[in-house]
Amino acid sequence: MTAQKQKILTKKEYQKLAKDNEPRRPVLANCVRAFLAGGTICLIGQGITDIFVFYFGFTEKSAGNPTAATLIFLSVVLTSLGVYDHIAQWAGAGTAVPVTGFANSMASAALEHRTEGYVLGVGSNMFKLAGSVIVFGVFSAFIIAFIRTLIPLIGGA
Amino acid sequence: MKMGTQSWIFTNRPTIIGAAAIGGPREARGPLANDFDLLHDDLLFGEKTFEKAERKLLEEACELAIQKANLQKQDIELFLGGDLSNQIISSTFTGRSLSVPYLGLFGACSTSMQSLALAALIVDSRFGNNVLCGTASHYAAVEKQYRYPTEYGSQKPDTAQWTVTGAGAVVLGQTGAGPQVVSATIGRVVDMGLKDPFNMGAAMAPAAVDTLQAHFQDLQASPDDYDLIATGDLGRYGHQLTLDLFPKYHINMPEKKYVDCGMMIYDQNQPMRFAGGSGSACSAAVAYGHILNRMHRGELKKVLILATGALLSPLSYQQKESIPCVAHAVAIEYTVEE
């Protein structure tokens, strides 16, 4: 038997070697960045809300929807200009979690598949990434609503 | 002639009579920019889709290689091509425009040396002359195929790699001085159970070392027989892992002799470079551009190119399969006219 047929490293041994070689993910730095980026987006959102309230006669509550729409619009513009993914590489969850991240996932998928036409491309691929968010968002909302309805029935608070 | 268990020696030494390397905008800003025959300054270069752009890269590389070999399209007896797109469409469409006998190959990023080894086998055995082989990859087309939409804001880890936009092609002929293909080692599929598609270097490194060890054993050779040994696209972390693996496989490799094309193609400071370049064009463009140029300048006499390929599909990854990898080695020696 030639040397090359012998197992020099087992899979386990190699996986450990590969793991040790891998750079550690800067978890703390990523958290700080996500906090700063996410916070900045919220700050911008607050600014937009204030503009709607002070200049366009919205109430604090009714300004919510146009604020989200404005943020979504900004996110789509930045995605189309090819900037959003660069910001996201730095910001991580900071740009993924807010509504801007959701808008980016849809806009990027729509852009990506535009070449396959509006029906087979844009229409069917737009929710490629956002689809799971909607499905599991709706599903978990249902479960929570279910629990909330059940608790008073069984004599809870 | 077969040597050992998995190597071929080409006694008639097929010659690379024409070679071309093409790059995209990011490659143009890299340290090897001067070694490309043609550089594009945007990702679409006048085409409507990224898939068409990928095809154009391969078509241009083939045309340039044929032109540099002082041949016409109709002189090409066979075209061997492959790429990373579904059903290797870029190669097939290139075959359509070349209109010569065509064999499509899939070896992921190992396609460059897979096709070169087969082309050398065909030319060496006199089953064909003026055999063209090449491969291309396009950042946006490949990302779309394997990962997320290009503009999707996902944070990539440091071990991720950037797909090279480019192409490389060569024409092999039966006679002549110049860079000659002298031997090849066909790799086994090696899978060490790694599953992270953002760390392909680590998945592919064992395949590279396995093929390299087989090459040295089959040919009773050692790193001393080569001026340069280059892996295809292991990137920074894969390169380091490979260096760590050499002593375990009893390969005595001088550190400076071993390089990785994925590390060479981009500059340390380029934004979003991550661990380096990848893609089937990575080893093709670096080998057929930079490395062949250095051979022509007399800086290198004998080199070994080890193209590494991760043979996963998006489906196999989603079904939690590990990443099978392969590496093919081809030795090229420069011969001056007597």
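Helices (H or I, at least four residues) and strands (E, at least two) are DSSP runs, numbered from the N terminus. By that definition, B:Ser97 belongs to helix H3 (residues 89–98) of chain B. The structure is a predicted model, in which local features need pLDDT of at least 70 and side-chain atom pairs count only at pLDDT 80 or more, while totals for chains, interfaces and linings use all residues. Residues are numbered from 1 along each chain as its sequence is written, chains are lettered from A and ligands numbered from 1 in the order in which they are written, and side-chain values use heavy atoms, with hydrogens and water left out.

**Helix packing in chain A**

- Two packed helices are described by the angle between their axes and the distance between the axes.
- Helix H6 (residues 99–112) of chain A packs against helix H8 (residues 130–153) of chain A at an angle of about 130 degrees, and their axes are 9 Å apart.
- H6(A) is therefore oblique to H8(A); angles under 35 degrees count as roughly parallel, over 145 as roughly antiparallel, 65 to 115 as roughly perpendicular and the rest as oblique.
- Axes here are lines fitted to C-alpha atoms, for helices over the stretch in contact, and angles run from 0 to 180 degrees between N-to-C directions.
- On the H6(A) side, A:Phe102, A:Ser105 and A:Met106 meet A:Ala130, A:Val133 and A:Ile134 of H8(A), contact meaning heavy atoms within 4.5 Å.
- The residues of this contact between H6(A) and H8(A) comprise five nonpolar, one polar and no charged. Ala, Val, Leu, Ile, Met, Phe, Trp, Tyr, Cys and Pro count as nonpolar, Asp, Glu, Lys and Arg as charged, and the others, Gly among them, as polar.

**Salt bridges**

- A salt bridge is a side-chain nitrogen of Lys or Arg within 4 Å of a carboxyl oxygen of Asp or Glu, and the count comes to 12 salt bridges over all chains.
- One of them joins the side chains of B:Lys56 and B:Glu47 (3.9 Å, N to O). B:Lys56 is partly exposed at 23% relative accessibility, and B:Glu47 is partly exposed at 25%; buried means under 20% relative accessible area, exposed over 50% and partly exposed in between (1.4 Å probe, protein chains only).
- Another salt bridge links the side chains of B:Lys144 and B:Glu51 (3.6 Å, N to O). B:Lys144 lies in helix H5 (residues 139–146) of chain B and B:Glu51 in helix H2 (residues 50–68) of chain B, so the pair ties together parts that are 93 residues apart in sequence.
- B:Lys144 counts as buried at 14% relative accessibility, whereas B:Glu51 is partly exposed, with a relative accessible area of 22%.
- A:Glu116, B:Glu51 and B:Lys144 are linked in a network of salt bridges.
- In the salt bridge of B:Arg147 with B:Glu143, the closest N and O atoms are 2.7 Å apart. B:Glu143 is buried, with a relative accessible area of 3%.

**Individual residues of chain B**

- B:Asp42 occupies the loop between strand E4 (38–39) and H2 of chain B and is partly exposed, with a relative accessible area of 34%.
- The side chain of B:Asp42 has a polar atom 3.0 Å from the backbone nitrogen of B:Leu44 and reaches the backbone nitrogen of B:Phe45 at 3.1 Å.
- Although 17 residues apart in sequence, B:Asp42 and B:Pro25 are 5.6 Å apart in space, C-alpha to C-alpha.
- B:Ser97 is partly exposed at 35% relative accessibility, and its side chain reaches the backbone oxygen of B:Thr94 at 3.0 Å.
- Leaving aside neighbours within four places in sequence, B:Ser97 is in contact with B:Glu59 and B:Lys73.
- B:Thr111 is found in helix H4 (residues 111–124) of chain B and is buried, with a relative accessible area of 0%.
- With neighbours within four places in sequence left aside, B:Thr111 is in contact with B:Gly82, B:Leu105, B:Phe106 and B:Thr135.

**Positive phi angles**

- Most residues other than glycine have a negative phi.
- B:Asn130, not a glycine, has a positive phi of about 50 degrees. B:Asn130 lies in the loop between H4 and strand E7 (131–137) of chain B and is buried, with a relative accessible area of 13%.
- B:Gln220, not a glycine, has a positive phi of about 45 degrees. B:Gln220 lies in the loop between helix H6 (200–218) and strand E11 (228–231) of chain B and counts as exposed at 72% relative accessibility.

Technical notes: A polar contact is a pair of N or O atoms within 3.5 Å; within protein, one must be able to donate a hydrogen and the other to accept it, and residues adjacent in sequence count only if both atoms are side-chain atoms.
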